[in-house]
Amino acid sequence: MKKHFVLLTLLLSCAPAPAQQTETDAQQQAPLYHSEDTALETELAKLKKLAEKGNPEAAHEVYAFYAQRGHRPQAEAWYHRHLQLKEARSEQGNKNDLRELGSLYLRGDLYLPPNPQKGVTYLSRASELGDSASTLKLAEHFATIAPAESQKFYARAYELNKAVVDTIEAGKDLSAEQKEALCIIGELELKGIGTAQNTAAGIAHLEQADTPVAYLCLYQAYAIGIGVAVDMPKALSYAAKVADSDNPKAEEKADEMAWILADAYFNGKYGMQVNVELGEKYLAIADKLNYAPAVYCKALRLKAAGKTADAYLEFCRLASWGHPDAQMHAALMQLHGAEGVTQNVEVAVEKLIKLASRYHQGQEWYVGRAPYELALYYERIGADDLADEWYRIASDRNVVEAMAHRGLSHIRPGSAMEWSPTLMYKWWKIGSNAGDATCSYYLNIFLWVAIPIILIIVFGLPILVVHILNKRSEKRENSEEAES
């Protein structure tokens, strides 16, 4: 026994010692729950104490603070801490927590890769507890991957919301939950999903809900023809109810509805009579909600009305969101120094070059217009080589105004472009067919003036010379016969 003990001792002494984890290694592996920003740490002290007591909302606020201040490692650590606390609380059967976690895992987030299996697990638990929103999310999730499963969840969602609707009492105000339930069963009845299609009941339930969400659903039904015949005037009447709500919101698509109405009244679309006053009203709503097409329309209308300074501010506002057409307008106004706009040629040219480089298959107007404006600018300052290059790019992008110059460049001495009357004719012909007056003018001169002159020179002159030589020869022969 003693021998065995000695042998074991020797073996243990010869075995390599386990690696000792240094304090630095432990710090690197541990989540970074604290930063070196003393002021921020003081500010977050109370929230962190709440989080330590198991409050996931407090942990999320801490995450948000770190993210806003650019402390990415700490933000990530607190994001996952918030998830852990939320998951722990969800074990108590909190439907809101289960729904939020399920949705989060389904779509993924900045610090969270999607995990559909986990998402479905959380949503299913919430659905079993009677949460209709989670049931609908499951129905939508399975719609393309498991239609039968999807229909099962839609039917359950209908039952859950129908039960809420059945609690409505005549003469009493509807609760938010009852209004939402009316919207859900109304939409399902219109589409015939999860229940038998019942258009009349669907419309009645949506009308009874009397919310922007319900009227948006009715707009879509009449605009597309969901359970009803397409009826755009009817659809627009519901769009107006969305846009005219007490507090129109972009998330309820009030911005889009207002813009559709503005466009319809300005241009007499969808069977509506032109009504500028109503057009302006709905344009203002969409503009206030920062709906990009509406802001662009407003800027164009201001520009057309001669209010260039105001138009420029609107274009700049829209350009700051990355809107290329607005960037184009703002650049041109800077380049030419529109009334009320400070001219800045250098900045404008830089913007135009950036826009020109954004060319892709979409063929948006700015990708051709920018090169054309650059060509005009360089031609104006006498930089002919640069002008020719931008004219070439613009004409390649189907800007008909550039094609007249492109054609001339193919026959102009000293041009960097290939000398080719054939290419000259090609570009003038394309431009003329597209309706460009300059190309048509050049093409007519070429066809009815230049070509006849060339034909005369090429064929007529040799014939004339031969005729003259024959006459001289005949005259000499006659003279020689007379002398003899």
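Modeller: Ring pairs join Y63, Y79 and Y111 into a cluster. Rings of Phe, Tyr and Trp (its six-membered ring) pair if their centres lie within 6.5 Å; planes under 30 degrees apart count as stacked, over 60 as edge-to-face and the rest as tilted. Please note that this is a predicted model, in which local features need pLDDT of at least 70 and side-chain atom pairs count only at pLDDT 80 or more, while totals for chains, interfaces and linings use all residues. Residues are numbered from 1 along each chain as its sequence is written, and side-chain values use heavy atoms, with hydrogens and water left out.

Biologist: How many aromatic pairs does a search of the whole structure find?

Modeller: The search finds 14 aromatic pairs.

Biologist: What makes the pair of W428 and Y442 tilted?

Modeller: The ring centres of W428 and Y442 are 5.2 Å apart and their planes stand at 50°, so the pair is tilted.

Biologist: Why is W428 called buried?

Modeller: Buried means under 20% relative accessible area, exposed over 50%, and partly exposed in between (1.4 Å probe, protein chains only). W428 has 4% relative accessibility and therefore counts as buried. Y442, with a relative accessible area of 24%, is partly exposed. In the protein chain, buried residues make up 38% of the 484 residues.

Biologist: How do you know how α20 and α21 are oriented to each other?

Modeller: Helix α20 (residues 365–380) and helix α21 (residues 384–396) pack at an angle of about 160°, with their axes 8 Å apart. Axes are lines fitted to C-alpha atoms, for helices over the stretch in contact, and angles run from 0 to 180 degrees between N-to-C directions. Angles under 35 degrees count as roughly parallel, over 145 as roughly antiparallel, 65 to 115 as roughly perpendicular and the rest as oblique. The helices α20 and α21 are therefore roughly antiparallel. Their contact (heavy atoms within 4.5 Å) involves G368, P371, Y372, L374, A375, L376, Y378 and E379 of α20, together with L386, A387, W390, Y391, I393 and A394 of α21.

Biologist: How do the residues of that contact divide by class?

Modeller: There are 12 nonpolar, 1 polar and 1 charged. Ala, Val, Leu, Ile, Met, Phe, Trp, Tyr, Cys and Pro count as nonpolar, Asp, Glu, Lys and Arg as charged, and the others, Gly among them, as polar.

Biologist: What makes α3 and α4 roughly antiparallel?

Modeller: Helix α3 (residues 38–52) packs with helix α4 (residues 56–68) at an angle of about 155°, the axes being 8 Å apart. That angle is over 145, and α3 and α4 are therefore roughly antiparallel. From α3, L40, E41, E43, L44, L47, K48, L50 and A51 meet A58, A59, E61, V62, F65 and Y66 of α4. This contact has 10 nonpolar, no polar and 4 charged residues.

Biologist: What is noted about the phi of D210?

Modeller: Most residues other than glycine have a negative phi. D210, which is not a glycine, has a positive value near 55°. D210 lies in the loop between α11 (199–209) and α12 (212–225), and at 49% relative accessibility D210 counts as partly exposed. Y270 likewise has a positive phi of about 55° without being a glycine. Y270 is placed in the loop between α14 (254–267) and α15 (276–288), and its 39% relative accessibility makes Y270 partly exposed.

Methods
Helix = DSSP H or I, 4+ residues; strand = E, 2+ residues; numbered from the N terminus.
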